[in-house]
Amino acid sequence: MTVSEAKTSLKALQEKMSAYGHALGLLYYDGVTSAPRGTAANRGQTMGVLSEELYKLTTGQETVALLEFLDGHKDELDEKEQRMVFLLLKNIRQMQKIPMDEYIAHEKLVVEAEDAWHTAKESSDFPLFEPYLEKLFADARRFAGYCAPDKDPYDYWLNEFEEGLNREKADAFFAALRSHIVPLLQKVCAAPQVDTSILQGHFPEAQQDVLSRRLMAVMGLDPDHVGLATTEHPFTTSLGSHLDERITTHYYEDDFASSLYSVIHEGGHALYDTGSDDSLAYTVLDGGVSMGIHESQSRFYENLLGRSRAFCEYLFPVLAEIFPDQMAGHSAGELYKALNKAEPSLIRTEADELTYCLHVLVRYELEKAVMAGALAVHDLPAAWNRLYKEYLGVDVPDDRHGVLQDSHWAGGAIGYFPSYALGSAYGAQFLRKMKETVDVDDCLRRGDFKPINDWNRQHIWQYGCLYRPGQLFEMAAGEPFDPSVFAAYLEEKFSDLYGL
Ligand code: ZN
């Protein structure tokens with residue numbers, strides 16, 4: 001085999017992997033959007049077969065020989081090829097450590113667990129979901145043990161979702177945020193409360209759908225490559241490559257802001273994924289590099305831009321056009337204040353920018369305790385309710401509004417949550433850097449996202465997974481990570497909003 005032949009095989013291998021990923025992704029997407037209820041077992045069967053084939057392809061002898069050959073000829077590879085080989089080999093070395101039957105059983109478990117979670121959430125029935133969650137945590141612990149026997153299992157997963165993260169760093173990060181947020185929240189709660197009547201009323205789903213499509217266009221999402229559907233818990237997924245992206249939302253007819261910000265959040269993820277350079281399509285470098293950087297983009301659009309005063313000035317006339325009766329007699333200023341009302345609440349996805357990180361902190365503490373064996377899955381609901389009382393001061397009425405609210409654990413994603421808080425903090429530094437060269441507020445007031453998207457594309461999106469997340473962060477932000485920038489941003493914004 002010559003190096004040139006091996007490079008051709010490397011390309012073909014990734015195209016094949018991408019095709020399996022496309023099929024698996026589409027099956028998953030169908031399952032959580034429009035598939036009939038009774039189809040989960042069939043889908044689980046098919047996904048099991050496809051996962052087995054993908055596993056064989058990814059870890060097979062031929063693939064390993066090819067990658068090791070290329071790894072031995074590193075200096076003849078370009079930067080992208082070197083990174084592809086590195087990532088593929090890293091993945092193989094990890095997957096080889098997980099017995100194939102356990103890997104396949106896990107894939108099936110996730111499909112069944114998500115189905116059980118849907119039913120359990122609807123009926124607020126934690127015991128129905130509990131046996132699945134037991135198994136998911138057990139798998140997470142066991143798989144971490146196979147992949148990194150010397151590492152703490154939760155540290156292993158934190159690092160999987162955000163390279164470089166461990167409990168020590170996360171503890172320090174959350175402690176820093178908590179020390180700023182809790183006293184600020186106390187001052188906000190003691191201040192005169194903002195009027196939110198502009199958000200109240202009846203907002204028919206059909207008109208909310210018009211608003212979603214309008215927002216997607218304003219954000220610069222290409223309707224030929226980004227689809228929108230409805231689901232219980234909004235999410236984004238790439239299918240096969242950055243050329244096929246799907247986002248989802250959930251409409252509540254008494255609350256247009258919920259879907260509004262789901263669309264902007266998921267739209268931020270989709271912008272990031274679809275912003276990969278075209279040369280990365282059908283390779284492992286395509287799409288976002290880490291969960292933390294991904295959330296930095298989604299939460300950047302959702303909060304730093306979407307909940308800014310400047311964007312509300314653009315948004316209000318749009319809302320007045322779509323919901324003329326509901327917006328009559330209101331103003332952009334009222335909208336800005338209402339959309340930023342900060343108060344302790346129950347649901348993470350609808351939490352304001354200020355309290356959001358406390359919701360994440362609850363999940364972090366619980367995952368850490370369950371993974372360490374210090375908390376039984378059976379006791380999660382009670383522990384959840386206790387921490388919500390302690391950190392946010394709220395009483396959780398039932399598990400639907402408590403421990404069953406998020407889909408992440410059902411999907412097997414344990415260690416994902418901290419990346420939401422990290423992403424929020426990354427975004428504040430990106431914004432500060434962007435403002436050196438882009439008049440962000442002026443763009444937002446005019447509903448012109450192009451200069452903002454161009455900056456993000458140039459500094460972040462185009463690279464896909466070419467650089468490690470920490471490296472990419474510093475390249476884009478022009479400085480090391482510093483959570484105090486985010487804390488200062490919150491302090492300034494909420495002091496101004498509440499006249500503190
Ligand atoms: Zn997200």
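Select Leu358 and the residues around it. Leaving aside neighbours within four places in sequence, Leu358 is in contact with Arg178, Ile181, Val182, Leu185, Tyr391 and Leu392. Contact here means heavy atoms within 4.5 Å. This is a predicted model, where local features need pLDDT of at least 70 and side-chain atom pairs count only at pLDDT 80 or more, while totals for chains, interfaces and linings use all residues. Residues are numbered from 1 along each chain as its sequence is written, and side-chain values use heavy atoms, with hydrogens and water left out.

**Stay on Leu358**

Leu358 lies in helix H15. Helices (H or I, at least four residues) are DSSP runs, numbered from the N terminus. Is Leu358 buried or exposed? Its relative accessibility is 2%, so Leu358 counts as buried. Buried means under 20% relative accessible area, exposed means over 50%, and partly exposed is in between (1.4 Å probe, protein chains only). Leu358 and Glu253 are 105 residues apart in sequence and 27 Å apart in space, C-alpha to C-alpha.

**Select H15 and H17**

Show helix H17 (residues 418-434) beside H15. The axes of the two helices come within 8 Å and cross at roughly 145°. Axes are lines fitted to C-alpha atoms, for helices over the stretch in contact, and angles run from 0 to 180 degrees between N-to-C directions. Which residues meet here? Tyr356, Cys357, Val360, Tyr364 and Glu367 in H15 meet Pro418, Tyr420 and Ala421 in H17. By class, this contact of H15 with H17 has seven nonpolar, no polar and one charged residues. Ala, Val, Leu, Ile, Met, Phe, Trp, Tyr, Cys and Pro count as nonpolar; Asp, Glu, Lys and Arg count as charged; the others, Gly among them, count as polar.

**Select the core**

The largest nonpolar core has 168 residues. Such a core is a set of buried Ala, Val, Leu, Ile, Met, Phe, Trp, Tyr and Cys residues joined through side-chain atoms within 4.5 Å. Pick out Phe256, Tyr301, Leu335, Leu380, Trp409 and Ile452, which have the most contacts inside this core. The largest share of the core, ten residues, comes from helix H15 (residues 356-371). Domain 1 and domain 2 both give residues to this core, so it lies between them.

Zoom in on Leu335. Not counting residues up to four places away in sequence, Leu335 touches Ile198, Leu199, Phe256, Cys312, Leu315, Phe316 and Leu319.

**Colour by domain**

The protein chain is divided into domain 1 (3-149) and domain 2 (167-498). These bounds come from an automatic or database domain assignment. The centres of domain 1 and domain 2, taken over C-alpha atoms, are separated by 27 Å. How many residues of each domain are in contact? 36 residues of domain 1 are in contact with 46 residues of domain 2.

Next, go to His106 in helix H5. With a relative accessible area of 14%, His106 is buried. Leaving aside neighbours within four places in sequence, His106 is in contact with Leu136, Asp139 and Phe143.

Move on to Ser124. Ser124 is in the loop between helix H5 (100-122) and helix H6 (126-147). Phi of Ser124 is near 50°, a positive value in a residue other than glycine. At 24% relative accessibility, Ser124 counts as partly exposed.

**Last stop: Tyr282**

Select Tyr282, in the loop between helix H10 (256-274) and helix H11 (291-305). Phi of Tyr282 is near 60°, a positive value in a residue other than glycine. Tyr282 counts as partly exposed, at 38% relative accessibility.
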